[in-house]
Amino acid sequence: MLKPAFLLSFLSAGLLQAGAQTFIPLDSRPATRVLPALIAGLSGREIQVVPAELLGNATRGADPAALTAWLNAQPVGGPLVVALDALAYGGLVQSRTSPLTTDEALARLAPLRDWKTRTGQPIYAFITLPREPDATHRERNLNVTRRMVEWAREGVFAELHIAWDDALAGSPAPAEGAALAQNAPANVRVYPGADEVLSMLAARTLAPAPKTVRVEYSDPKAAEAVIRYEGIPLTQSALNHAEGSGYRVVASGPADLTLYVFNGGDPRRAAVRISTLLRVGPVAVADVEKVNLGNTRLWSDLAVLRQPANLRSLAAWGTPGNNLGTALAHAKLTLGGVNAVRQDALLAREYANDIIYSADLRAALRKALPEDQLNTPQGQAALLKLAAEYFPLRLGQTYTLDAADLPWGRSFEWNFDLKGGW
């Protein structure tokens, strides 16, 4: 079967034939570049993705001229999905501290208007409201975002999503988002998140048929409370991400998908409930009990019940919004029917990243070496040695770990290839 990294290059090379879609991700992290492309690749369509070396990382922003040149060199056969922060500032990290003026940032975005005029293809775009206290030019970011709302009103964007990033207590972002939403046109959506939005927009463009979703919580009462990093109740965030991914939320009765949100309580009871729901219809699971950390008891119980391979999607890798949006976007692609081998491989990748790495392997790596020694040959060797203990992994197929590294030289995220076989 195709390994994820090979599949991504396969998609980027344009070897699949059917309506091309072009992605300019937020930055080069696997969560923002690799995962959205693999989700989109379930459709079997051609996906053109900016190479990682042209995108920003923790210390270096993307060159907007290089991104524009790459975009203009791509064959045109479908919509553009673009993270505006990548072009305007060089990436998410740089959007918080870039000294650019409003006019300078807008000049970097101007080629998008030219692309729209030249190709006639729709643009689906998103931009972030930066987190506090990192944002050093907040009013500049707001001014640029306001101008993007006007571009959406003028029809430059088919859709514009505005996401606020990591809103801890006291962050002005939720209030800024609410103010922007008040007078925004219908093609503008505002909600918490960032890293998941490219996947959501891919779902909107590649699986545009409307679908219904019913959301169920492991702790319904707690879901009404304002959640960390969102600044709004979990129930509202789930609604925002569902609608942003192209679903209509139903409170009861039949639905195309059930999104089960684990937000606390008894993980064993939750695993049994998920198994029951799977006997009724398609289920996706978003584990949001902790940030950047899957609940090992929930997932070990589901593994004993042999249920992870039956899910439409799973997500536990990030903030609540990250997990909600990723799970919903992945599931949306599957509701139209996808290749079973690719689907199983993607579920295996999600499990390896969101459960194995986030809940166990990352902590083991941090215990083995100080953070400042991870970006060394010794750090790479430690990663491979520790990771080997968690494989092979069985979902539908059995997966071995074929390669792994720390692409940003830190423990927060890893990139890896899985090799599957029966």
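Me: Let's start with one side chain. What is the relative accessible area of Glu-289, and which class does that put this residue in?
Reply: Glu-289 has a relative accessible area of 30%, which makes this residue partly exposed. The classes are buried (under 20% relative accessible area), exposed (over 50%) and partly exposed in between, with a 1.4 Å probe and protein chains only. Before we go on, this is a predicted model, where local features need pLDDT of at least 70 and side-chain atom pairs count only at pLDDT 80 or more, while totals for chains, interfaces and linings use all residues. Residues are numbered from 1 along each chain as its sequence is written, and side-chain values use heavy atoms, with hydrogens and water left out.

Me: Which residue meets Glu-289 in a salt bridge?
Reply: That is Lys-290, at 3.5 Å from N to O. A salt bridge here is a side-chain nitrogen of Lys or Arg within 4 Å of a carboxyl oxygen of Asp or Glu. Lys-290 is partly exposed as well, at 41%. Over the whole structure, the search finds 18 salt bridges.

Me: Where do Glu-150 and Arg-153 lie, and how many residues apart are they?
Reply: Here is the general idea first. An α-helix has 3.6 residues a turn, so residues three or four places apart point the same way. In this model, Glu-150 and Arg-153 both sit in helix α7 (residues 138-154), 3 residues apart, which is about one turn. Helices (H or I, at least four residues) and strands (E, at least two) are DSSP runs, numbered from the N terminus. The two side chains form a salt bridge with an N to O distance of 3.3 Å. Glu-150 is partly exposed at 33%, and Arg-153 is partly exposed at 42%.

Me: Is Arg-138 buried or exposed?
Reply: Arg-138 counts as buried, with 13% relative accessibility. Its salt-bridge partner is Glu-132, and their closest N and O atoms are 2.7 Å apart. Glu-132 is partly exposed, at 32%.

Me: Which residues are linked in a network of salt bridges?
Reply: Look for Arg-96, Arg-131, Asp-134, Asp-165 and Asp-166. Asp-165 also gives you a handy reference for Gly-91: the two are 74 residues apart in sequence and 13 Å apart in space, C-alpha to C-alpha. Gly-91 is in the loop between α4 (84-88) and α5 (92-97), and is buried at 0% relative accessibility.

Me: How do I read a sheet? What is the strand order here?
Reply: Two strands pair if DSSP finds at least two bridges between them. This open sheet has 6 strands in the order β2-β1-β3-β4-β5-β6, with parallel pairing. β2 (47-49) and β6 (188-192) are the edge strands, each with a single partner, so one side of each has no neighbour in the sheet. From one strand to the next, the twist averages 15°.

Me: How many bridges join β4 to β5?
Reply: There are 6 bridges between β4 (residues 123-129) and β5 (residues 159-164). The chain gets from β5 to β6 through helix α8 (residues 173-182), in a right-handed β-α-β crossover. Right-handed means that, with the strands pointing away from the viewer, the path from the first strand over the helix to the second runs clockwise.

Me: What about the nonpolar interior? How many residues are in the largest nonpolar core?
Reply: In soluble globular proteins, nonpolar side chains tend to be buried together. A nonpolar core is a set of buried Ala, Val, Leu, Ile, Met, Phe, Trp, Tyr and Cys residues joined through side-chain atoms within 4.5 Å. The largest one here has 92 residues, and those with the most contacts inside it include Leu-84, Met-148 and Phe-157. Helix α9 (residues 197-206) gives the most to this core, with 7 residues. A second, separate core of 40 residues includes Ala-271, Ala-345, Leu-369 and Leu-383.

Me: Which residues does Phe-157 touch?
Reply: Contact means heavy atoms within 4.5 Å. Not counting residues up to four places away in sequence, Phe-157 touches Leu-84, Ile-123, Ala-125, Met-148, Trp-151, Ala-152 and Asn-187.

Technical notes: Axes fitted to C-alpha atoms, helices over the stretch in contact; angles between N-to-C directions.
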